[in-house]
Structure formats: C-alpha cells, structure tokens
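Please show me the chain and its fold. I would like a short report on its ring pairs, its charged pairs and its nonpolar core.

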Amino acid sequence: MPKTFTCMYHILVLNWFIFLNLYISQFGKSKDGSKIFANGGQWKYLTILNMLLQAIFYGVACLDDVLKRISGRKDIKFLTAFRDLLFTALAFPVSTFVFLGFWTLFHYNRELIYPKVLDDILPVWLNHAMHTSILPVSLVEVILRPYHYPSKKIGLSLLAASALAYISRVLWHHTKTGTWVYPVFEKLSPLGLATFFFLSYIFTANLYLLGEKLNHWKWGDMMQPQKKRK
C-alpha cells in the first residue's frame, strides 16, 4: 500500500478512537452513564481500556508515519520498535479477544456480559463501535503494513503482565465495592473464576500467535523477530 494512504488511514482511525474515547467520557457524566460507570468508573471495563489502547497505538503509528515523511528517514528505530511491540503484543490480541469474548458470551447469554437493559441506555452504534469494528480495523492493519514481532518470551510476557494487571484491577474492584465488573463473574466460584482468568489468558496468548502467523502469511520471511535483526 502507498505510504500516503497508510498515513491517511492511521489519521482517520486515530480520530475515530479519539472521538469514541471522548464520547464515552462525556457519556459517563450523564445520568445514565453515571449509573453504568458507578463503583469504579469507566476504566473498570476491558472494552473501554481497549479503546484507550487503540487510540494510543494509532497515535504512535501516526507519529511514526509523520516523522518518517518529514525527516525522510526510513527507520526511526525506537519509535518504530515501540509501535511494533504495541501492536503485536497488545493492540491486536486484546482487540481480537474483546471482539470474540464479547460476542461469544453475548450470543450464549447476553445477561452475562451486556444485559438487555443497556439497549435503552447505550446506542446500538456505540456497542458495535466498541465490540465489532475493532476486529476489522486490526485486520486491515495487518494487511497494510508488516510488523516485526518480538521474541515469544518478550511478547507473551508483556501480554501476561497486562492480563495480570487487569485481573488485579478486577479483584481490587470487587474487594472495594462488593460488585463484579461483569455479571458473568457473579456466576463463578473462586475456582471457576481462577479457571476463567487462566483460560482467557491462554486464549489471548493464542491470538497473539495467530497475529504472528497472519503477519507471516501476508508478508513472508521478510518479517523476522527483532532478535534476528541487525
């Protein structure tokens, strides 16, 4: 894809995620929003944290695009490496997990993840913006540009640290408020909850590996792990 098109695409997607984050933030100040975001605010939800993550990633991608065009340098090493790590280890696997996890539970029993009462509070387009559009946007990114994957040890360790941080946030929230972030957690025993978290990480780790395979399928052997690059 032409570099100009890629740059424009990144700018458009960045503005889309900025708009979503601002919309959600303003919605949280409304009467209905204050009910949904009570006891922990909007940042207790993985979906909304993913919106912030995507905005950060596309901000870095845009900065990388612009600096390369201004300076004429082919490789801004630190920024490019950070961009690659952010997408491969977090942005792609997390957004894919949110899409698959949300819609799987939604179609099994929506009351476990997105109770029907929310249909009267949150607009349908916002639900799809947060839970549907994130996957095609990530897949387009795989097609647009090759990414250098880190070693599996680094990539999976970063993903595990992020998962542990969110799980700690969920447990802390329950300890402080006596409520669970998602209704599905209320249905699980302590052992069931631990199993759910463990299997969720294993699933997300496999999504990381899927992203690596997709990257290799599209771009071939030109994309080797960073440890092999000179």
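## A cluster of rings

Phe27, Phe37, Tyr45, Trp180, Tyr182, Phe185, Phe196 and Phe197 are joined into a cluster by ring pairs. Rings of Phe, Tyr and Trp (its six-membered ring) pair if their centres lie within 6.5 Å; planes under 30 degrees apart count as stacked, over 60 as edge-to-face and the rest as tilted. The structure holds 25 aromatic pairs.

This is a predicted model: local features need pLDDT of at least 70, side-chain atom pairs count only at pLDDT 80 or more, and totals for chains, interfaces and linings use all residues. Residues are numbered from 1 along each chain as its sequence is written, and side-chain values use heavy atoms, with hydrogens and water left out.

## Two ring pairs

How is the pair of Phe19 and Trp125 arranged? The ring centres of Phe19 and Trp125 are 6.1 Å apart and the planes are at 20°, so this pair is stacked. The pair links distant parts of the chain. Phe19 is in helix H1 (residues 3-27) and Trp125 is in helix H5, 106 residues apart. Helices (H or I, at least four residues) and strands (E, at least two) are DSSP runs, numbered from the N terminus. Phe19 is partly exposed, at 40% relative accessibility. Trp125 is partly exposed too, at 37%. Here buried means under 20% relative accessible area, exposed over 50%, and partly exposed in between (1.4 Å probe, protein chains only).

The rings of Phe87 and Phe92 have centres 6.0 Å apart. Their planes are at 55°, so the pair is tilted. Phe87 is buried, with 2% relative accessibility. Phe92 is buried as well, at 1%.

## A surface patch and a charge over a ring

Trp16, Phe19 and Trp125 form a nonpolar patch on the surface. Together they have about 290 Å² of accessible area. Areas come from the Shrake-Rupley method with a 1.4 Å probe; for residues, only the protein chains shown count as cover. Patches are made of residues with over 30% relative accessible area and no salt bridge; like charges are joined within 9 Å, and nonpolar side chains (Val, Leu, Ile, Met, Phe, Trp, Tyr) within 5 Å. Trp125 belongs to helix H5, residues 124-131. Leu14, in helix H1, is buried at 17% relative accessibility. Leu14 and Trp125 are 111 residues apart in sequence and 18 Å apart in space, C-alpha to C-alpha.

What sits over the ring of Trp219? The charged end of Lys218 does, 4.0 Å from the ring centre. A charge sits over a ring if NZ of Lys or CZ of Arg is within 6 Å of the ring centre and within 35 degrees of the ring normal. Trp219 lies in helix H9 and is buried, at 19% relative accessibility. Trp219 and Leu105 are 114 residues apart in sequence, and their C-alpha atoms are 33 Å apart in space.

## Salt bridges

Side chains of opposite charge can pair when their charged atoms come close. The structure holds 6 salt bridges. Each is a side-chain nitrogen of Lys or Arg within 4 Å of a carboxyl oxygen of Asp or Glu.

Asp64, Lys68, Arg83 and Asp84 are linked in a network of salt bridges. Lys68 meets Asp64 at 3.1 Å, N to O. These two are 4 residues apart in helix H3 (residues 46-71), which means about one helical turn separates them. Asp64 is buried, at 0% relative accessibility. Asp64 also meets Arg83, at 2.9 Å, N to O. Asp64 lies in helix H3 and Arg83 in helix H4 (residues 77-109), so the pair ties together parts 19 residues apart in sequence. Arg83 is buried, at 4%.

Another salt bridge joins Arg110 and Asp119, at 2.9 Å, N to O. Arg110 is buried, at 17% relative accessibility. Asp119 is partly exposed, at 35%.

## The nonpolar core

In soluble globular proteins, nonpolar side chains tend to be buried together. The largest nonpolar core has 61 residues. Such a core is a set of buried Ala, Val, Leu, Ile, Met, Phe, Trp, Tyr and Cys residues joined through side-chain atoms within 4.5 Å. Phe17, Phe57, Tyr182 and Phe185 have the most contacts inside it.

Which elements give two or more residues to this core? They are H1, H3, H4, H5, helix H6 (134-144), helix H7 (152-177), helix H8 (183-186) and helix H9 (190-219). H4 gives the largest share, 14 residues.
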